[in-house]
Amino acid sequence: MGISSKITGLIQKSGQTLLDGLFPPQCPCCQDSVSSPGTLCANCWGKITFISKPTCYGCGLPFEYDMEADALCGHCLRARPSFEQAISVLRYDENSRDMILAFKHGDQTDQTISFAKWMARAGQELFESNPCLVPVPLHPKRLLKRRFNQSALLAREIARQTGLEVDTLSLKRIRHTDSQGNKNLKARTRNVKGAFEITPKGREILSGRHIVLIDDVYTTGATLEECAKTLLRAGATSASALTLGRVVRASVV
């Protein structure tokens, strides 16, 4: 490491120490004080369920017993997703729901760095092919109302932490769909059908690339499926998905 790199590192460390003094790190879940940014307090650590292998290679559903690395769940065996692989960091349940909703709807965007750090760690195998990160877009009307796209925030921060390329402009949501909440898979699929497109410039940028879609929560996979189809039609070689949370439902293997 050169002298300039050491000096830069010291400046960054000093700056972080100063920030930690002014704004002590908080647990992303309950906001209690913690030792360092991006860590959960002991109480929340025992409640949050991080997803680990074995999982379905297709949709990332956690298995309850050991399976081969490329094993598929019952749903993926019946209908393989258009995305090659999906990985999620943690279960979206009663213990993590408030934390994620506060980030998504409660303007707690200061948690972006922590969440992106978790996602970057979980998604390492997706990054081996040097993919382009593409966030699931919001329709302009919803973006105006919410003021930010949480998936884009995560994608940019993951790119900053990993050095990967990020593209927040090529994939567009062209139809203002109803909320996906309280809809089953069939209704969600119908709701987002034809809702996305790739810009002409985006076709040039993404053609021949492996894409990793970034989103906050994997519920049924309908939105990610439609995004993946759109990317593949535009010339992407393959698509995978990386999400912060995942709704876990039973699936017959």
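These questions and answers walk through a predicted model of one protein chain. Residues count from 1 along each chain as its sequence is written, and side-chain values use heavy atoms, without hydrogens or water. In this predicted model, local features need pLDDT of at least 70 and side-chain atom pairs pLDDT 80 or more, while totals for chains, interfaces and linings use all residues.

Trainee: How many helices and strands does the protein chain have?
Mentor: Helices are DSSP runs of H or I with at least four residues, and strands are runs of E with at least two, numbered from the N terminus. By that rule, the protein chain has 10 helices and seven strands.

Trainee: Is Gln150 buried or exposed?
Mentor: Gln150 sits in helix H7, residues 150-162. Buried means under 20% relative accessible area, exposed over 50%, partly exposed in between (1.4 Å probe, protein chains only). Gln150 has 3%, so Gln150 is buried.

Trainee: Which residues does Gln150 touch?
Mentor: Contact means heavy atoms within 4.5 Å. Leave out residues up to four places away in sequence. Gln150 then touches Phe103, Lys104, Leu138 and Asp216.

Trainee: At what angle do the axes of H5 and H7 cross?
Mentor: Axes are lines fitted to C-alpha atoms, for helices over the stretch in contact, and angles run from 0 to 180 degrees between N-to-C directions. The axes of H5 (residues 112-122) and H7 come within 9 Å. They cross at roughly 65°.

Trainee: What percentage of the residues of the protein chain count as buried?
Mentor: The protein chain has 253 residues. Gln150 is one of the buried ones. The share that counts as buried is 47%.
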